[in-house]
Amino acid sequence: AGAEGLLVFIALTPPTFEEDRDPAPVNEKIDQLNDLIGTSFAEGNIIDFNSSMVFPDDYMPDGLHMNVPGHEKRAEAAYEKLP
């Protein structure tokens, strides 16, 4: 797609804070995935949906899904990458 002049982005996965199970093993895998993304894609094509997320401020009570402020942060991060 990039060769055809289209912009292609990939996003870092945000952490999870699920209360019904220990989030540490899942967040460890998320960190590994995000590290792989960081080494596999150009920085200009990576949207950071990870580093600015704060629990509980940006999450629904389930600790997994974003609430309105969390989605607003994601939208701002994506918008900043547009030319």
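These are my notebook entries on what I looked up in a predicted model of one protein.

**Entry 1: the overall layout**

I began with the secondary structure and found two helices and two strands in the protein, which run in the order β-α-β-α when I follow the elements from the N terminus. I then looked at the extent of the C-alpha trace, which spans about 45 × 25 × 15 Å along its principal axes. Of the 83 residues in the protein, buried ones make up 25%. I also noted that the protein exposes about 5,700 Å², and that carbon and sulfur atoms supply 59% of this area. Among the contacts with a separation of 6 or more, 55% come from residues 24 or more positions apart.

**Entry 2: Leu12**

Is Leu12 buried or exposed? Leu12 counts as buried, because its relative accessibility is 15% and the cut-off for buried is under 20%. When I left aside the neighbours within four places in sequence, I found Leu12 in contact with Asn34, Ile37, Ile46, Ile47, Asp48, Phe49 and Asn50. I also looked up the separation of Leu12 from Leu64, which is 52 residues apart from Leu12 along the chain, and their C-alpha atoms are separated by 15 Å.

**Entry 3: charges and salt bridges**

I then went through the charged side chains, of which 5 are positive and 16 are negative, with the centres of the two sets lying 3 Å apart. Side chains of opposite charge can pair when their charged atoms come close. How many salt bridges does the protein have? The count comes to two.

In one of them, the side chains of Glu18 and Arg21 meet at 3.0 Å, N to O. Glu18 is buried, with a relative accessible area of 13%, whereas Arg21 counts as partly exposed at 47% relative accessibility.

I also looked up the salt bridge between the side chains of Lys73 and Asp58, where the distance is 2.7 Å, N to O. Lys73 lies in helix H2 (residues 68–81) and Asp58 in the loop between strand E2 (46–47) and H2, so this pair ties together parts that are 15 residues apart in sequence.

Methods: Residues are numbered from 1 along each chain as its sequence is written. This is a predicted model: local features need pLDDT of at least 70, side-chain atom pairs count only at pLDDT 80 or more; totals for chains, interfaces and linings use all residues. Side-chain values use heavy atoms; hydrogens and water are left out. Buried means under 20% relative accessible area, exposed over 50%, partly exposed in between (1.4 Å probe, protein chains only). Contact means heavy atoms within 4.5 Å. A salt bridge is a side-chain nitrogen of Lys or Arg within 4 Å of a carboxyl oxygen of Asp or Glu. Helices (H or I, at least four residues) and strands (E, at least two) are DSSP runs, numbered from the N terminus. Accessible areas come from the Shrake-Rupley method with a 1.4 Å probe; for residues, only the protein chains shown count as cover. Lys and Arg count as positive and Asp and Glu as negative; His and the chain ends are not counted. The place of a charge is taken as NZ of Lys, CZ of Arg, CG of Asp or CD of Glu.
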